[in-house]
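Here are my notes for a colleague who is opening this model for the first time. Please keep the structure in view and go through the points in order.

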2 protein chains.
Amino acid sequence: MIIDCHGHYTTAPKGLQVWRDAQIAALKDATGPQGTAGPKGPAGPNGPALQITDEEIRQSLEGAQLKFQRERGTDVTIFSPRASAMAHHVGDATTSLHWSEHCNDLIHRVCTLYPDNFVGVCQLPQSPGVPPDTCIGELERSVNELGMIGCNLNPDPSGGHWTSPPLTDRCWYPLYEKMVELDVPAMVHVSSSCNANFHATGAHYLNADTTAFMQFLTADLFKDFPALRFIIPHGGGAVPYHWGRYRGLAQDMKRPPLADLIRHNVFFDTCVYHLAGIELLLKIVPIDNVLFGSEMVGAVRGIDPETGHYFDDTRRYIDQIAWLTDADRQKLYEDNARRVYPRMNALVGRGRQAGQAGQVGAGQAGRHEAHVRSE
Amino acid sequence: MIIDCHGHYTTAPKGLQVWRDAQIAALKDATGPQGTAGPKGPAGPNGPALQITDEEIRQSLEGAQLKFQRERGTDVTIFSPRASAMAHHVGDATTSLHWSEHCNDLIHRVCTLYPDNFVGVCQLPQSPGVPPDTCIGELERSVNELGMIGCNLNPDPSGGHWTSPPLTDRCWYPLYEKMVELDVPAMVHVSSSCNANFHATGAHYLNADTTAFMQFLTADLFKDFPALRFIIPHGGGAVPYHWGRYRGLAQDMKRPPLADLIRHNVFFDTCVYHLAGIELLLKIVPIDNVLFGSEMVGAVRGIDPETGHYFDDTRRYIDQIAWLTDADRQKLYEDNARRVYPRMNALVGRGRQAGQAGQVGAGQAGRHEAHVRSE
């Protein structure tokens, strides 16, 4: 089985943005109520309810994420609301709560319609300057009521101004306690940038990944929370490329060796869009700390003229690396994701794909072709 | 000849910090004059002059940068004031001017004492919220009077709050016009971070590199300034590792192919502290756009227990890469630096090392051993 740990609902039906636009318009209109629709209730007098049909959801996925799953031979995507649209800097904590609720409810509908293809991860209702423990309620609702297996945690809810304390600050601890209690990890993922210096997907995302890693390196967070787990996406930002720098910094600062420091707590995905980058990642970072991911349909949508394949078809790069063992591939494609997101195990059985586990490196033949033919 | 394009005076005699401490203390003391020492004059009534002897300068270098040049078999270091100490966020533009003048004068003294070993690059007196054209005077002085061949340009003089416009904004253009007129490049280099999110050498530096590259990718700066040249240090931040991402983003945004976009204008150094990272850099980025650099004595000062050698001995990694041709090494070690910093040619002749050019990949034998023996 191949689990893609990093997918966002970037193709959501337009009704979602209609709702969001109305919410933002209401913020600007002092006479209107803020967050026009209640958590799960109907529209307020001045705003629309979220209007999206199941058919619209199906259409939004069939030609995109589901099509790519079939073509690329991946099975399940860990699926969350569109990261760039979280925009925690818009409005206040109530704005963020209402928006998060709608986004998370929509992910839940996707996972209910396609339980074999998607498992959910929630957006948190963060807001700049607001203590992160205000997110606990929505995290509990998402996990306990919507069956979600993790959350996306924004280390910079200001959107590029970096006004919050580091992820190792104690203000985050109540949220971390709840994550540990629920046994869910967080992917460290910023949203859009409202700082002109930072292009979102070309700078802000990668900077946040690099920044979070160094925060983890310099503090004793995982002594306080041995079971806390973070996925640093986009291949870990700059970190694997500069692994020697980080090993050296850790040594100079009398910190533990990197492999020990990250072992049970910090994981990278494989969202690196060329073979040489993926090779470096898998050569340098312990295989137990890497989860397969593609972020499709995401930051880079085109076809690489050098290969004739989609840049974000990350499985192709991995399958080209001959020195990976079958055991490595099994960890990378399935086992690590199940270990980091253990709630997945109750939702996605291994049995469904029995007999495939040892063959994940064998190209895209077999079950997947049969699957495509049966569509 | 091996030119190291990236060295800072991190070992400056303590008199420099004494002066800086007094300057900062005077800032805090409302009764004292700000910037107690004038540009090149004696101390004001409440502050000390910069007191450093030639012997102190020699001592600060002999056991450090000069020792490593000899041991590692490199010849000339492009040398600038300590980056983390620029701290443009301290005080105002006058503070920054006085501090920059002293730092640049000190680099000039180093280059005068050791003309075969160091060529100078200046610090600019940037200050948050102040138009960059206020730096033109010190740039001209450094180049025309002190013989400097380039400058370090801080894309974030706020020290981690990123309050300035992107490097592609027109507010930078007067400075760029002067750089082009003087035919000097800039290394894009931030200073210390006063944002708790960003560890300086483990996050802020690399983030700035990544950020600057994406700024260059998304604008037409080099159409306006075809001769403008930037060195993005620390191996280009996250960029080479994510080269596929950037190629894909450029394609999605209808920008030129990366190799075309950077050809005459953007260069990376080799400050990547492990073999796999250097291999990726040299495999992915056109060789004409990479300059040898080590940043010694800099961010990472220890010995790698995996190799038994200094992390920042970047020549060792390059010399291990068998597929580099002699022509590649000649570009990487010398020719690219001379092309990007052309004022170097008047200061450092090729003749001095005649006959060595083709042998830069041949290890540390020959001239360098003789050089060490003659000490």
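Where in chain B does B:Ser164 lie? It is in the loop between β5 and α6 (173–182) of chain B. Point 7 comes back to this residue.

1. Ground rules. This is a predicted model: local features need pLDDT of at least 70, side-chain atom pairs count only at pLDDT 80 or more, and totals for chains, interfaces and linings use all residues. Residues are numbered from 1 along each chain as its sequence is written, chains are lettered from A and ligands numbered from 1 in the order in which they are written, and side-chain values use heavy atoms, with hydrogens and water left out.

2. Chain A overall. Chain A has 15 helices and 11 strands. Helices (H or I, at least four residues) and strands (E, at least two) are DSSP runs, numbered from the N terminus. Of its 375 residues, 60% count as buried. Buried means under 20% relative accessible area, exposed over 50%, and partly exposed in between (1.4 Å probe, protein chains only). Take the contacts in chain A between residues at least 6 apart in sequence: 78% of them join residues at least 24 apart. Contact means heavy atoms within 4.5 Å.

3. How the copies relate. A rotation of 180 degrees, with 0.0 Å of shift along its axis, superposes chain A on chain B at an RMSD of 0.0 Å. The two copies are thus related as by a two-fold rotation axis. Which residue of chain A comes closest to the axis? A:Ala238 does, with its C-alpha at 2.1 Å. The copies meet through the same surface, because 100% of the interface residues of chain A are also interface residues in chain B.

4. The six-stranded sheet of chain A. The strand order is β4-β5-β6-β7-β8-β9; the sheet is open and the pairing parallel. At the edges stand β4 (122–123) and β9 (290–291) of chain A, each with a single partner strand, so one side of each has no neighbour in the sheet. Two strands count as paired if DSSP finds at least two bridges between them.

5. Strand β8 of chain A. On one side, three bridges join β7 (residues 230–232) to β8 (residues 266–269) in parallel. Here A:Ile232 stands opposite A:Phe268. Two bridges join β8(A) to β9(A), also running parallel. There A:Phe268 faces A:Val290. A:Val266 and A:Phe268 point one way from β8(A), A:Phe267 and A:Asp269 the other way, and all are buried. In a regular strand the side chains alternate between the two faces of the sheet.

6. From β8 to β9. β8(A), helix α11 (residues 275–284) and β9(A) make a right-handed β-α-β unit. Right-handed means that, with the strands pointing away from the viewer, the path from the first strand over the helix to the second runs clockwise. A:Pro286 lies in the loop between α11 and β9 of chain A. Is A:Pro286 buried or partly exposed? It is partly exposed, with a relative accessible area of 27%. Leaving aside neighbours within four places in sequence, A:Pro286 is in contact with A:Trp243, A:Ala259 and A:Ile262. A:Ile262 is 24 residues away in sequence and 9.4 Å away in space, C-alpha to C-alpha.

7. Chain B, around β5. Two bridges join β4(B) to β5 (residues 151–153) of chain B, running parallel. B:Cys122 has B:Cys151 as its bridge partner in β5(B). Back to B:Ser164: at 11% relative accessibility, this residue counts as buried. Beyond its neighbours within four places in sequence, B:Ser164 is in contact with A:Asn197, B:Pro155 and B:Pro157.

8. Strand β1 of chain B. Seven of the seven residues of β1 (residues 3–9) are buried, so this strand is largely enclosed by the rest of the structure. β1(B) pairs with β2 (residues 76–81) of chain B in the parallel sense, over five bridges. B:Ile3 has B:Val76 as its bridge partner in β2(B).

9. Helix α13 of chain A. This helix (residues 326–340) has 15 residues and reaches 20 Å from its first C-alpha to its last, close to the 21 Å expected at 1.5 Å a residue. The expected span is 1.5 Å times one less than the number of residues. α13(A) has a kink of about 50 degrees, centred on A:Leu332. The bend at a residue is the angle between axes fitted to the seven residues ending there and the seven starting there. The buried residues of α13(A) include A:Leu332, A:Tyr333 and A:Val340.

Key
Copies are superposed by least squares on the C-alpha atoms of residues with pLDDT of at least 70 in both.
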